[in-house]
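Please open the model in a viewer and follow the stops below in order.

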Amino acid sequence: MLPLYAKCGCITHAHDFFNGLMDKDTQTWELMVEGCKENGLWSELVILVGDMVSKGLTLNKHICSMFLTACARVSSLCNGMKMHACVIEHDNSMDMDMMSS
């Protein structure tokens, strides 16, 4: 349901559905982050990834790439630099998605 709501532009419904889930894994979070990206909700995307990090979840390369793009869109240089440093520190071999973000 989450991807369906997001693809239809019903991001409020997607958020409600997401918030109602008891057990969210990285893939579920990624779907919500992707929904924010697809709907141009860059500030919400940055906040959502921040929530992921605060809950101790592991960010995959796709989420990192979307986060870096969002940081550029909302001129959040500080958050972008923190993510970039984290990627380098954890040696997440930079692929094309990461390099182009």
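**The whole chain**

Begin with a cartoon view of the protein, which has seven helices and zero strands; helices (H or I, at least four residues) and strands (E, at least two) are DSSP runs, numbered from the N terminus. Traced from the N terminus on, the elements run α-α-α-α-α-α-α. This is a predicted model, in which local features need pLDDT of at least 70 and side-chain atom pairs count only at pLDDT 80 or more, while totals for chains, interfaces and linings use all residues. Residues are numbered from 1 along each chain as its sequence is written, and side-chain values use heavy atoms, with hydrogens and water left out.

**The helix pair**

Next, select residues 26-38 (helix 3) and residues 61-73 (helix 5), whose axes come within 10 Å and cross at roughly 30°. Axes are lines fitted to C-alpha atoms, for helices over the stretch in contact, and angles run from 0 to 180 degrees between N-to-C directions. Helix 3 is therefore roughly parallel to helix 5 (angles under 35 degrees count as roughly parallel).

Now show the side chains of Thr 26, Glu 30, Val 33, Glu 34 and Lys 37 on helix 3, and of His 62, Ile 63 and Met 66 on helix 5; these residues make the contact (heavy atoms within 4.5 Å).

Finally, select all 101 residues of the protein, of which 32% count as buried (under 20% relative accessible area, 1.4 Å probe, protein chains only). In a surface view, the protein exposes about 6,100 Å², with carbon and sulfur atoms supplying 56% of it (Shrake-Rupley method with a 1.4 Å probe).

Conventions. Parallel < 35°, antiparallel > 145°, perpendicular 65-115°, else oblique. Buried < 20%, exposed > 50% of the residue type's maximum accessible area, 1.4 Å probe, protein only.
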